[in-house]
Every structure is written in C-alpha cells, then in structure tokens.
Amino acid sequence: MDILLIGLGGGIGAICRYGLSVWLPFTTTFPLKTLCINIIGSFILGVCMGYSKQLNKKWLLFLTTGLCGGFTTFSTFAFETFQLYTLGKYMMIALYLLCSITLSLLAVGVGYMLGAKGVQ
C-alpha cells in the first residue's frame, strides 16, 4: 500500500511540476522556472515535515516521498541540509553541498557526453 501511495503522490507531483512550468510566465535564459519549483517544493516539504507528528505515516509518505519527490527531489536535498544545520553539523553541510553540487554536475556532464556519443 505504501508503494501505491508514493507512486500516486509522485505522479501528482510530476504533473504539478509540469503544469507549473507551463503556467509560469518567465522566458529567460536563467532557469527561473526550475528555481521557483525547487523553492516551492522545499517550502511544501518543510511544512509537511513541520506537521509530521500530526500526520499519519501514510499521509506523510504520500506528501513527502510521493508528492514532493515527484515535484522536485531538490526539496529533499534542502531538508537534509536543514537537518544537518539543526544538528550543528556545519562542516558536514559544507561537504554535502560541495559534493552534491560538484558530483551532480560532473555526473550530468559525463552522462551527457556518453549519451551524445551514442547518438552519433
């Protein structure tokens, strides 16, 4: 049952992400639509986690892993960083930010190059 709730939430989140990206009126080179979606998703995840003690496990999975995960995985990244902050793990935050951004950009670049070679 949990997997179905996560899948349903993820599908709704992905549809919402697409709908919002179409609806937002920005037409700039800077990825403003994605930035807005990541901020909104992070806010929604923060609200859900703030209410987590009042929500049952099923609703929490649907809203956080499902809906927010389908809307943006950046929200999870932001929340985990915030958790480290609340624990006073400042060096770990720096390492997590550095590794996440650097390694993700590297992975995208390598994946892109491998994919582009396969297309030729």
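Author: Contact here means that heavy atoms lie within 4.5 Å of each other. The structure under discussion is a predicted model. By that cut-off, leucine 55 touches Cys48, Leu60 and Leu63, with residues up to four places away in sequence left out.

Reader: Where is leucine 55 found, and why is leucine 55 called partly exposed?

Author: Leucine 55 sits in the loop that joins helix 2 to helix 3. Its relative accessibility is 26%. Buried requires a value under 20%, exposed a value over 50%, and partly exposed covers what lies in between; leucine 55 therefore counts as partly exposed.

Reader: How far apart are leucine 55 and tyrosine 18 in sequence and in space?

Author: They are separated by 37 residues in sequence, and their C-alpha atoms are 27 Å apart.

Reader: What makes threonine 81 buried, and which residues is it in contact with?

Author: The relative accessibility of threonine 81 is 13%. The limit for buried is under 20%, so threonine 81 counts as buried. This residue belongs to helix 4. Beyond its neighbours within four places in sequence, threonine 81 is in contact with Ile93, Tyr96 and Leu97.

Reader: Which residues make up the largest nonpolar core, and what makes such a set a core?

Author: The largest nonpolar core has five residues: Leu5, Cys48, Phe62, Leu63 and Leu67. A set of this kind consists of buried nonpolar residues joined through side-chain atoms within 4.5 Å. Helix 3, residues 57-71, supplies the largest share of this core, with three residues. One of the core members, Leu63, touches Cys48, Leu55 and Cys68 when residues up to four places away in sequence are not counted. In soluble globular proteins, nonpolar side chains tend to be buried together.

Reader: How do you know whether helix 2 and helix 4 are parallel, perpendicular or oblique to each other?

Author: The angle between them is about 55°, with the axes 8 Å apart. Roughly parallel needs an angle under 35 degrees, and roughly perpendicular needs 65 to 115. Helix 2 and helix 4 are therefore oblique to each other. Their crossing is right-handed. Helix 2 contributes Asn38, Gly41, Ser42, Leu45 and Met49 to the contact, while helix 4 contributes Phe74, Ser75, Thr76, Ala78 and Phe79. By class, this contact has five nonpolar, five polar and no charged residues.

Reader: What makes up the secondary structure of the protein chain, and what share of its residues counts as buried?

Author: The chain has five helices and zero strands, and its pattern along the sequence reads α-α-α-α-α. Of its 120 residues, 25% count as buried. Its C-alpha atoms fill a box of roughly 50 × 35 × 30 Å along the principal axes. Among contacts with a separation of 6 or more, 58% are between residues 24 or more positions apart.

Technical notes. Residues are numbered from 1 along each chain as its sequence is written. This is a predicted model: local features need pLDDT of at least 70, side-chain atom pairs count only at pLDDT 80 or more; totals for chains, interfaces and linings use all residues. Side-chain values use heavy atoms; hydrogens and water are left out. Buried means under 20% relative accessible area, exposed over 50%, partly exposed in between (1.4 Å probe, protein chains only). Helices (H or I, at least four residues) and strands (E, at least two) are DSSP runs, numbered from the N terminus. Axes are lines fitted to C-alpha atoms, for helices over the stretch in contact, and angles run from 0 to 180 degrees between N-to-C directions. Angles under 35 degrees count as roughly parallel, over 145 as roughly antiparallel, 65 to 115 as roughly perpendicular and the rest as oblique. A crossing is left-handed if the near helix is turned anticlockwise from the far one by less than a right angle, and right-handed if clockwise. Ala, Val, Leu, Ile, Met, Phe, Trp, Tyr, Cys and Pro count as nonpolar, Asp, Glu, Lys and Arg as charged, and the others, Gly among them, as polar.
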